[in-house]
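Hi,

Here is the structure I promised to pass on.

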Amino acid sequence: MSANNAFHIAVLAGDGIGPEVMAPAIEVLRKIEQKSGLSFRFTEAPAGANNYLATGKSMPDSTIKLCEEADAILLGACGLPSVRYPDNTEIAPQIELRVIFDLYAGVRPARLIPGVPSPIVGADQCGIDLVVIRESTEGLFASMGKGVVTHEDARETLVITRRTSERLFEFSFRLAERRKARGKPGSLACVDKANVFKAFAFFRGIFDEIAKKHPEVKTDRLYVDACSAMLVKRPWDFDVMVMENMFGDIVSDITASLIGGLGMAPSADIGDKYAVFQPCHGTAPDIMGQGKANPTGMILSAAMMLDWLADKHGVEGAAEAGEQIERAVDQVYAGGLKPMEFGGSNGTADITKAVLGAL
């Protein structure tokens, strides 16, 4: 086995249904090992609300060190509504990891899989295949833990920097170019509120500067409110969208809802060197331990990890393995698989077995 094809993966299963969806993803990757020249070494580490209850920290230093040393990080879901810091905010190591490792590009694909219902009329004929890129280290989230609250008012500060915005837009244009090479439209829209706020006018100005370096990518500029309205009417008109952190937090939940819900939605937080891959959904403590959790978002996040590893290390077999996982997921849903959130009877075990069988 070539060392270039062997990857060390940090596994942070987290809280609630996090461990329940992580296990199927690991099973799928083990199946990929049998079918390819790839090899994975998984190292589990604690993070989340339960670790906070036990130790007073969202994650130990050893977890951060492991993430630093690993080739990639798989994250289940972290945090519980009932467990909070003294300032009443939830435990969120997923956000802390973005800051620690400078994971400025939050990549949130939304692709409607055959057989999966969408609330949008015409989506089954027109298709939905878009990507939200959410800046993940600053924007309004830069104020996390730093806001000022008095008896009379509360204030949070939005931060947008040139350095992060330039890297974010370069990443976004490269992704649009890669999608174009794969037969997608390869267009890129900057989503902001530049008509009201100076910070977003600054954001858009940097986008315009970077756009000049990528003349082959068709670009657009949209206000976030208009964009949201367009998304729920004609989502098939969109390809790649890039936006500030809070806007991306909201819009990516909208786009996930267009393709069957958060259980179907994978995501990644990517920086210049490190990357975390996790489903868009939360810990869902209301269904924890009942076998109802949909692992599809986690499985597709593992596929995204393989594509990123391929791009980072030049291992074409990893990209093909990621595509194999996506094709297997498409096959089982087209064949009638129906998770419980769609009113079906297929739980975690059924979905896992079906995808493994398709592989």
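Let's start with two helices: α8 (residues 224-231) and α9 (residues 245-258) pack at an angle of about 5°, and their axes are 11 Å apart. Helices here are DSSP runs of H or I with at least four residues, strands are runs of E with at least two, and both are numbered from the N terminus. The axes are lines fitted to C-alpha atoms, for helices over the stretch in contact, with angles running from 0 to 180 degrees between N-to-C directions. Angles under 35 degrees count as roughly parallel, over 145 as roughly antiparallel, 65 to 115 as roughly perpendicular and the rest as oblique, so α8 and α9 are roughly parallel to each other.

Before going further, a word on the source: this is a predicted model, where local features need pLDDT of at least 70 and side-chain atom pairs count only at pLDDT 80 or more, while totals for chains, interfaces and linings use all residues. Residues are numbered from 1 along each chain as its sequence is written, and side-chain values use heavy atoms, leaving out hydrogens and water.

Back to the helices: on the α8 side, Val224, Ser228 and Leu231 make contact (heavy atoms within 4.5 Å) with Phe247, Val251, Ile254, Thr255 and Leu258 of α9.

Now the aromatics. Searching the whole structure turns up eleven aromatic pairs. Rings of Phe, Tyr and Trp (its six-membered ring) pair if their centres lie within 6.5 Å; planes under 30 degrees apart are stacked, over 60 edge-to-face and the rest tilted. Phe200 and Phe203 have ring centres 6.5 Å apart and planes at 85°, so this pair is edge-to-face. The two sit three residues apart in helix α7 (residues 198-211), so about one helical turn separates them. Both Phe200 and Phe203 are buried, where buried means under 20% relative accessible area, exposed over 50% and partly exposed in between (1.4 Å probe, protein chains only).

Phe200 also forms a stacked pair with Phe247, at 5.0 Å centre to centre and 15° between the planes. That pair links distant parts of the chain, with Phe200 in α7 and Phe247 in α9, 47 residues apart. Phe247 is buried too. Ring pairs join Phe169, Phe173, Phe197, Phe200, Phe203, Phe207 and Phe247 into a cluster.

Last stop: Gly127, in the loop between α5 (123-126) and β5 (129-135). With 25% relative accessibility, Gly127 counts as partly exposed. Leaving aside residues up to four places away in sequence, Gly127 touches Gly122 and Trp236.

Cheers
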